[in-house]
Every structure is written in C-alpha cells, then in structure tokens.
Amino acid sequence: MSATALAGAGALALVGAVVLVGCSGSDASAKNLTVSGAYIPQPVSADMAAGFLTISNPGSSQDELTSVTSDDGDITMHETNGGAMEEVSRLTVPAHGQLVFKSGANHLMFDKLKRKPEQGQTITVELHFAQSDPVVVKMPVKSATYVPKTGH
C-alpha cells in the first residue's frame with residue numbers, strides 16, 4: 001500500500017473513531033424525559049404561586065433538574081422537609097423513576113409574576129437539565145382547591 005493510501009485509511013479510521021466516541025458519550029435514554037400532571041393552583045396572591053408536576057425518566061441513567069424558567073416570572077425549586085420549605089438548586093430525576101412535585105413536598109415557587117394566574121389560563125415554563133435537552137411545559141391554572149387524581 002502506498003503512503004498516500006495508508007494516510008487516507010488512517011484518516012478514515014480516525015473519523016470513524018471520533019464518530020463512535022461521540023455516540024457512546026451520549027445516553028439516548030436521558031433524552032426521553034417526560035412531564036405529566038403539571039398544574040398551578042389559582043393563587044390568592046397576585047405575584048406568587050406554587051406549581052406541581054411529575055418528571056418521568058425511563059432511561060438507565062439519572063439526570064438533574066437544574067433550573068426552571070418562564071417569561072411570566074421568577075421560578076425557584078423547593079423541598080419540604082419536616083414542615084420546613086427550603087430552596088434547592090438541583091433535584092435528581094432518578095433512572096427508571098420519577099421526580100414528583102406535590103403539595104407538602106418538592107414544588108415550584110413562582111415569584112414576581114407579571115400577572116395573577118387565573119383559572120383556565122396557562123403559564124409556560126422551561127425545565128433545564130444537567131444532561132437532557134430543555135423541556136417546555138404549559139402549566140394550566142386550576143382552582144385553588146384542585147386535587148389531581150394522582151394525589152399531588
């Protein structure tokens with residue numbers, strides 16, 4: 001084989017290796033996160049509300065919810081432990097599991113809202129993850145006493 005042919009074969013092998021490494025580094029299952037049961041109870045305050053939802057991860061590796069954003073206001077993530085609410089910067093979405101936001105536990109806090117959410121309206125949020133692509137969720141505003149069938 002000539003030096004030119006060997007160089008060409010080597011370059012082709014290198015390109016193939018780079019493509020394979022690029023594929024092996026991404027967990028396709030991490031991109032399968034789904035969101036269900038999203039809602040916001042109609043708040044009594046004009047500028048603050050809570051939000052609830054479930055993020056499901058059928059994949060074989062965990063991910064982390066790192067932030068939630070919205071054009072309608074500021075959003076922070078909270079845990080409730082022993083009756084005390086605490087803001088957190090990350091929450092784990094377990095492999096083959098769910099991250100559940102429900103009353104009295106993990107929840108979203110909407111602050112500095114541009115308008116008071118009214119029943120029948122929706123608030124659009126974007127969930128940001130450590131590994132997966134962002135997920136846009138339309139959260140319907142339900143009655144203040146709404147309790148979903150899932151209990152959260």
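Residues 24 or more positions apart account for 69% of the contacts in the chain with a separation of 6 or more, where contact means heavy atoms within 4.5 Å. The model is predicted: local features need pLDDT of at least 70 and side-chain atom pairs count only at pLDDT 80 or more, while totals for chains, interfaces and linings use all residues. Residues are numbered from 1 along each chain as its sequence is written, and side-chain values use heavy atoms, with hydrogens and water left out.

**Overall make-up**

- The chain has 1 helix and 10 strands; helices (H or I, at least four residues) and strands (E, at least two) are DSSP runs, numbered from the N terminus.
- Along the sequence the order is α-β-β-β-β-β-β-β-β-β-β.
- The chain has 152 residues, and 34% of them count as buried. Buried means under 20% relative accessible area, exposed means over 50%, and partly exposed lies in between (1.4 Å probe, protein chains only).
- The accessible surface of the chain is about 8500 Å², and 57% of this surface belongs to carbon and sulfur atoms. Such areas come from the Shrake-Rupley method with a 1.4 Å probe, and for residues only the protein chains shown count as cover.

**Nonpolar core**

- A nonpolar core is a set of buried Ala, Val, Leu, Ile, Met, Phe, Trp, Tyr and Cys residues joined through side-chain atoms within 4.5 Å.
- The largest nonpolar core here has 26 residues. Those with the most contacts inside this core are I55, L65, L108, F110, V125, L127 and M139.
- Apart from neighbours within four places in sequence, M139 is in contact with residues including A38, Y39, I40, L108, F110 and V125.

**Strand pairing**

- Two strands pair if DSSP finds at least two bridges between them.
- Strand β3 (residues 63-69) runs antiparallel to strand β6 (residues 91-93), and 3 bridges join them. In this pairing, D63 has V93 in β6 as its bridge partner.
- Strand β3 is also joined to strand β9 (residues 122-129), by 4 bridges and again antiparallel. Here V68 stands opposite L127 in β9.
- In a regular strand the side chains alternate between the two faces of the sheet.

**Salt bridges**

- A salt bridge is a side-chain nitrogen of Lys or Arg within 4 Å of a carboxyl oxygen of Asp or Glu. By this rule the count is 2.
- Side chains of opposite charge can pair when their charged atoms come close.
- R90 forms a salt bridge with E64, with the closest N and O atoms 2.8 Å apart. R90 lies in the loop between β5 (84-88) and β6, and E64 lies in strand β3, so the pair ties together parts that are 26 residues apart in sequence.
- R90 counts as partly exposed, at 42% relative accessibility, and E64 is partly exposed with a relative accessible area of 22%.
- K112 and D74 meet in a salt bridge through their side chains (3.9 Å, N to O). This pair links distant parts of the chain, 38 residues apart: K112 is in the loop between β8 (107-111) and β9, and D74 is in strand β4 (residues 74-81).
- K112 counts as exposed, at 56% relative accessibility, whereas D74 is partly exposed at 42%.

- S132 is found in the loop between β9 and β10 (135-142) and is buried, with a relative accessible area of 6%. Its side chain is joined to that of D63 by a polar contact of 2.6 Å.
- H107 is in strand β8 and is buried, at 7% relative accessible area. The side chain of H107 reaches the backbone oxygen of A105 at 2.8 Å.
- Not counting residues up to four places away in sequence, H107 touches residues including G51, F52, T76 and F101.

**Loop residues**

- N32 is in the loop between α1 (3-24) and β1 (34-41) and counts as partly exposed, at 42% relative accessibility.
- N32 touches S56 and P58, leaving out residues up to four places away in sequence. The C-alpha atoms of N32 and D133 are 9.3 Å apart, although these residues are 101 residues apart along the chain.
- Most residues other than glycine have a negative phi.
- H96, in the loop between β6 and β7 (97-101), has a positive phi near 55°. H96 is exposed, with a relative accessible area of 60%.
- K112 also has a positive phi near 55°.

Conventions. A polar contact is a pair of N or O atoms within 3.5 Å; within protein, one must be able to donate a hydrogen and the other to accept it, and residues adjacent in sequence count only if both atoms are side-chain atoms.
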